[in-house]
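Hello! Here is the structure I promised to pass on to you. Have a look at it first, and then read my notes below.

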Amino acid sequence: RTKMKKLILILIVGSLFAQYLPDVSKMSETEKMLVFENNKKSPALGVVFSLLLPSTGHAYAKNWKRGVAITGLQLVNFIVLDFSNHNSFEKGTCPEGYKRGRSIWDSCENLLDHHDKTALNRDEKSMTIYSATLVLIPVLIIWESVDAAKQVKKYNNNVYRKIFDREPPSFSLNLQPTYQGANLTMSYAVN
């Protein structure tokens, strides 16, 4: 039973990211456009996936390797953050005869008359690394989300090329008849 549940879960998750393109060689332009509309993916959904679980936005765009690489960068950043945090704020990082100021951002204060400049420089370097990696966290998250949206657009352009055998237009108007009238859609590329 558990194997069957795992198989069903894998099939459901796999179908979310699957792509099937029918033979479009004998289709009219309208039919091709319908196939494209059914197979294209939403860049906004790629961003949402990316924000919910790192690298899933890229997996949605069929470029999971890039997502894993960006997630790896985020993990390295967290490891460096933890390491610099451990070195900066752990009790006893100030040299003998010094104590940390009242705030964690304060550097070591001299309690004695001697100075151990090497240890103080090490403490300041750890604080600099900590601050830089702390700033990088939201930058990497935003970068991954924006990149996921770009990868979804790239995926959509590839699907368009496969269906129409030409580059997507930079500007287009499309009139599609519907049951209750017609839909007019306009699209343009902003590069």
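Is Arg 66 buried, partly exposed or exposed? Arg 66 is partly exposed, as its relative accessible area is 35% (buried means under 20%, exposed over 50%, partly exposed in between, with a 1.4 Å probe and protein chains only).

Before going on, please note that this is a predicted model, where local features need pLDDT of at least 70, side-chain atom pairs count only at pLDDT 80 or more, and totals for chains, interfaces and linings use all residues. Residues are numbered from 1 along each chain as its sequence is written, and side-chain values use heavy atoms, leaving out hydrogens and water.

Now for the charged pairs. The whole structure holds 4 salt bridges (a side-chain nitrogen of Lys or Arg within 4 Å of a carboxyl oxygen of Asp or Glu). One of them joins Asp 147 and Arg 66, at 2.6 Å from N to O. Asp 147 belongs to helix H6 and Arg 66 to helix H5 (residues 64-89), so this pair ties together parts 81 residues apart in sequence. (Helices are DSSP runs of H or I, at least four residues; strands are runs of E, at least two; both are numbered from the N terminus.) Asp 147 is buried, at 6%.

Another salt bridge links Glu 29 and Arg 166, at 3.2 Å from N to O. Glu 29 sits in helix H2 (residues 29-39), while Arg 166 is in the loop between H6 and S3, 137 residues apart.

Strand S3 holds both Leu 175 and Gln 176. Leu 175 is exposed at 59%, whereas Gln 176 is buried at 18%.

Enjoy exploring!
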